[in-house]
Amino acid sequence: MAFAIGPYCVDNPVILAPMAGVTDLPFRRLCHDQGAGLVVSEMVTSDVRLWQSSKSRHRLVHDKEVSPRSIQIAGGDAAMMAQAAQQNVELGAQIIDINMGCPAKKVCNKAAGSALLKDEALVREILESVVNSVNVPVTLKIRTGWSRDQRNGLTIAKMAQDIGVQALAVHGRTRECKFQGQAEYDTIAEIKQHLSIPVFANGDIKDAQSAKFVKEYTNADGIMIGRAAQGRPWIFREINHYLQTNELLAPPSISEVSQLVIQHVKALHQFYGDYLGVRIARKHVGWYLQTLADKTQFRSTFNRIDNATQQLEELDNFFISQTASEVCI
């Protein structure tokens with residue numbers, strides 16, 4: 001079930017999708033430990049003039065990354081994208097991933113992300129510029145097209161392979177769909193049928209069963225998991241197990257979840273510092289609590305804590321109470 005991206009062999013076919021504000025270094029490490037075969041960074045702007053911001057500085061820490069280090073860049077100017085790719089490689093990136101899949105308005109309004117799918121000439125210019133500028137593999141993430149009437153994903157995919165892109169992730173919606181409605185996998189299956197490079201299927205994959213269905217339906221080389229990993233990073237090992245055995249893995253115990261969450265929060269504190277780490281920990285803990293189907297007032301209590309040490313103490317107390325009451329997940 002392994003596939004290769006250039007010189008890098010990926011043993012597990014389940015991939016963490018890049019998500020801005022989510023897939024930072026601590027979360028990527030955690031998902032990799034839980035069985036993600038490849039983890040992709042948060043989107044980094046191609047405008048290197050903005051790299052001095054706190055947000056960009058944290059996204060440009062590549063030396064402590066799990067290997068292979070895949071860094072996603074976004075932008076609409078071919079020269080700037082090439083420069084961003086080169087500088088990320090100098091910082092330690094081993095794979096450059098190009099974002100042509102993000103439907104966010106603030107990205108598309110700048111003629112980047114999935115907005116690029118509307119301009120095939122510009123797509124070609126960007127892909128050629130980036131591929132020719134670096135000596136590491138370049139991958140691409142797209143949607144099935146710009147709109148329901150313009151599903152040009154296959155055209156873009158063939159172009160990308162011809163130019164030298166070495167793997168392709170496809171989200172089963174158009175730019176027009178954003179995240180509404182259901183993902184469709186026929187276009188992904190068609191793209192896979194026409195390409196020889198690895199193809200990853202993305203969209204509405206929420207558990208082991210849906211992962212197996214999508215992988216078999218599309219014949220994709222890998223499954224890319226995004227929002228389903230928020231608050232549930234063990235989904236990667238669950239999917240790997242199901243793909244290998246066709247048996248569902250038992251969910252983690254409260255004790256195991258407790259250890260994982262506390263380690264994650266500690267890593268956030270260490271990576272961002274106490275002030276920012278405390279605030280970023282709040283959203284991750286919120287996602288964990290949703291997974292736990294928590295009905296208590298703990299989330300609102302946790303969100304008022306401004307001290308790193310107190311966050312860890314309150315989490316420890318919370319999980320002790322959950323273990324005592326034998327809450328199931």
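Tutor: Before we start, here is a rule we will need: Ala, Val, Leu, Ile, Met, Phe, Trp, Tyr, Cys and Pro count as nonpolar, Asp, Glu, Lys and Arg as charged, and the others, Gly among them, as polar. Keep in mind, too, that this is a predicted model.

Student: Thanks! By class, how many nonpolar, polar and charged residues does the lining of the second largest pocket have?

Tutor: Let's read the lining first: Pro26, Arg29, Leu30, Asp33, Gln34, Glu256, Gln259, Leu260, Gln263, His264 and Ala267. Pro, Leu and Ala count as nonpolar, while Arg, Asp and Glu count as charged. Sorting the lining by class gives four nonpolar, four polar and three charged residues.

Student: Which element gives the most to the lining of that second largest pocket?

Tutor: The elements that give two or more residues to this lining are α1 (25–33) and α10 (254–272). The pocket they line has a volume of about 220 Å³. With six residues, the element that gives the most is α10.

Student: Let's move to the strands. Which residue in β11 is the bridge partner of Asn202?

Tutor: Strand β10 (residues 199–202) runs parallel to β11, and three bridges join them. Asn202 belongs to that β10 range, and its bridge partner in β11 is Met224.

Student: How does the chain cross from β10 to β11, and what is the handedness of the crossover?

Tutor: On its way from β10 to β11, the chain passes through helix α8 (residues 208–218). That makes a β-α-β crossover, and its handedness is right-handed.

Student: Which residue of β11 does Leu16 stand opposite?

Tutor: Strand β3 (residues 14–16) also pairs with β11, in the parallel sense and over three bridges. In β11 (residues 222–225), Gly222 and Met224 point one way and Ile223 and Ile225 the other way, and all are buried. The residue that Leu16 stands opposite is Ile225.

Student: Now the aromatic rings. Why is the pair of Phe3 and Phe200 tilted?

Tutor: Planes under 30 degrees apart count as stacked and over 60 as edge-to-face, with the rest as tilted. The ring centres of Phe3 and Phe200 are 4.9 Å apart and their planes are at 45°, so the pair is tilted.

Student: How many residues apart are Phe3 and Phe200?

Tutor: Both of these residues, Phe3 and Phe200, are buried. Phe3 sits in strand β1 (residues 3–5) and Phe200 in strand β10, so the pair links distant parts of the chain.

Notes. Residues numbered from 1 in each chain as written. Predicted model: local features only at pLDDT ≥ 70, side-chain atom pairs only at ≥ 80, totals over all residues. Heavy atoms only, no water. Buried < 20%, exposed > 50% of the residue type's maximum accessible area, 1.4 Å probe, protein only. Helix = DSSP H or I, 4+ residues; strand = E, 2+ residues; numbered from the N terminus. Pairing = 2+ DSSP bridges. Right-handed = clockwise from strand over helix to strand, strands pointing away. 1 Å grid on protein atoms, 1.4 Å probe; cavity = no way out; pocket = protein on both sides within 12 Å on 5 of 7 lines; lining within 4 Å. Points joined across faces, edges and corners; volume = space filled by probe spheres on them. Phe/Tyr/Trp six-rings, centres within 6.5 Å; stacked < 30°, edge-to-face > 60°.
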